[in-house]
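User: I have a structure to go through with you. Can we take it piece by piece?

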Amino acid sequence: MLFAAPISAQDFEKGLEAAQSGDFETALKKWAPLADAGDSSAQFNVALLYGNGWGVPQDYKEVVKWYILATEQGDAAAQFNLGNMYNKGQGVLADFIIAHMWSNIAAANGNEPGAENRELIAKNMTPEDISQAQTMAKVCMNSNYEKCGY
């Protein structure tokens, strides 16, 4: 059990090196077990592979699956990207309220583009929708990402 963290870190780094050299199949082989085990960085990177079709067929539903898992651990970049998925309707039905919620949460967790995205999304929303999204963001964060409106 004491060796799990260093091995995980080594596998993550090996996956990163593989991805940076364009060997996305090896990156996925290194990251997938870590992602399945709950590593949010690996989950984020697996989502990127599926989103860009790197080493796997492009699959937005897989992207959303992995971003949701990473967002539930407080990963602000995944929260921002998940907001974009809902804004664009990629892998999910387009939903400005949930897109705003995730962008707002990302911003609250230090992701500056999340704040910009939240404001852009708000232009397509009614004041009631914005209020609902803000309430949902509070509930989501206060529930430790267990009650997030989807």
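User: At what angle do the axes of helix 5 and helix 7 cross?
Analyst: Roughly 20°, and the axes come within 10 Å. Helix 5 covers residues 76-88, and helix 7 covers residues 112-122. This is a predicted model: local features need pLDDT of at least 70, side-chain atom pairs count only at pLDDT 80 or more, and totals for chains, interfaces and linings use all residues. Residues are numbered from 1 along each chain as its sequence is written, and side-chain values use heavy atoms, with hydrogens and water left out.

User: Parallel or antiparallel, helix 5 to helix 7?
Analyst: Helix 5 is roughly parallel to helix 7 because of that angle. Angles under 35 degrees count as roughly parallel, over 145 as roughly antiparallel, 65 to 115 as roughly perpendicular and the rest as oblique. Angles run from 0 to 180 degrees between N-to-C directions, with axes fitted to C-alpha atoms over the stretch in contact.

User: Which residues make that contact?
Analyst: From helix 5, Phe 80, Asn 84 and Asn 87. From helix 7, Pro 113, Gly 114, Asn 117 and Ile 121. Contact means heavy atoms within 4.5 Å. The helices are DSSP runs (H or I, at least four residues), numbered from the N terminus.

User: What is Arg 118 in contact with?
Analyst: His 100, Ser 103, Asn 104 and Ala 107, leaving aside neighbours within four places in sequence.

User: New topic. How do helix 3 and helix 4 cross?
Analyst: At roughly 165°, with axes that come within 8 Å. Helix 3 is residues 40-52 and helix 4 is residues 60-71. The pair is therefore roughly antiparallel.

User: And which residues meet there?
Analyst: On helix 3, they include Phe 44, Val 46 and Leu 48. On helix 4, Val 63, Trp 66 and Leu 69 are among them. The residues of this contact of helix 3 with helix 4 divide into 11 nonpolar, three polar and one charged.

User: Which element has the lowest mean pLDDT?
Analyst: Helix 1 (residues 4-20), at 79; helix 6 (residues 96-108) has the highest, 98. pLDDT is the predictor's confidence in each residue, from 0 to 100. The protein chain averages 93, and 95% of the residues score at least 70.

User: What about residues 1-6?
Analyst: The pLDDT is below 50 there, and the stretch has zero contacts in the model beyond near neighbours in sequence. Where pLDDT is low, the predicted coordinates should not be read in detail.

Key: Helices (H or I, at least four residues) and strands (E, at least two) are DSSP runs, numbered from the N terminus. Ala, Val, Leu, Ile, Met, Phe, Trp, Tyr, Cys and Pro count as nonpolar, Asp, Glu, Lys and Arg as charged, and the others, Gly among them, as polar.
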